[in-house]
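Thanks for coming. Please have the viewer open, and I will go through one structure with you.

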Amino acid sequence: MRNSNSATINDPDPGIARRLIAVRQQSGLNQSAFAARLGFPRRTYLGWERGESDPPIWLLDALHQEFGIDPHWLLHGPGDRPRQYGAGLDWARFGRLLVAVDREARAAGLAPRPEQICELTRAVFEGAPEDEKDAIERLALTFKTMKNRNR
């Protein structure tokens, strides 16, 4: 039996159980419908919601795919209010990088589509912040090379 004041490494995480309940309630589904939508039997899901066991790791992907839930939030919180995937991103940094990537493309005489700029920005953004200057410089060189090949 688990002591409610302290969990051991083998005990289910009560925070995950609380956060699963919050996601289900936000979705407006009952336990059976929620479990079915995630592809699990109701009985299995109830064990997770009651904190009797932890869900499998692939539930993180299912919650992300079905409800847009941030997997990190489900595992670690904070709080019991569901956080959508991406809500914890540094949007100011992403915006700054977006402007830099677009500026370099236009400086090279290219006019990429907005979705191309976003994808290139995402690639830079997913790297370490300390490497972003080098990544932008490599992109600028690539843009210039692309422009020269198209002449």
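Which side chain meets E132 in a salt bridge? That would be R96, with an N to O distance of 2.6 Å. Keep in mind that this is a predicted model.

First, the layout. The chain has 8 helices and 0 strands, and 34% of its 151 residues count as buried. Among contacts with a separation of 6 or more, 54% are between residues 24 or more positions apart.

E132 sits in helix 8 and R96 in helix 6, residues 91–107, so the pair links distant parts of the chain, 36 residues apart. E132 is buried because its relative accessibility is 13%, and the cut-off for buried is under 20%. R96 is partly exposed, at 44%. Shared partners join R93, R96 and E132 into one network of salt bridges.

The total is 7 salt bridges. Another one is between E49 and R24, with the closest N and O atoms 2.8 Å apart. Here E49 belongs to helix 3 and R24 to helix 1, 25 residues apart. Both of these residues are buried.

E66 and R37 also form a salt bridge, again with 2.8 Å between the closest N and O atoms. This pair connects helix 4 with helix 2. E66 is partly exposed at 35%, and R37 is partly exposed at 40%.

Last, the surface. E130, D131, D134 and E137 form a negative patch. E130 is in the loop between helix 7 and helix 8, and with a relative accessible area of 63% E130 is exposed.

Conventions: Residues numbered from 1 in each chain as written. Predicted model: local features only at pLDDT ≥ 70, side-chain atom pairs only at ≥ 80, totals over all residues. Heavy atoms only, no water. Patch = residues over 30% accessible without salt bridge, like charges linked within 9 Å, V, L, I, M, F, W, Y side chains within 5 Å. Areas by Shrake-Rupley, 256 points an atom, 1.4 Å probe, with all protein chains shown as cover. Salt bridge = Lys/Arg side-chain N within 4 Å of Asp/Glu carboxyl O. Lys, Arg positive; Asp, Glu negative; His and termini not counted. Charge placed at Lys NZ, Arg CZ, Asp CG, Glu CD. Helix = DSSP H or I, 4+ residues; strand = E, 2+ residues; numbered from the N terminus. Buried < 20%, exposed > 50% of the residue type's maximum accessible area, 1.4 Å probe, protein only. Contact = heavy atoms within 4.5 Å.
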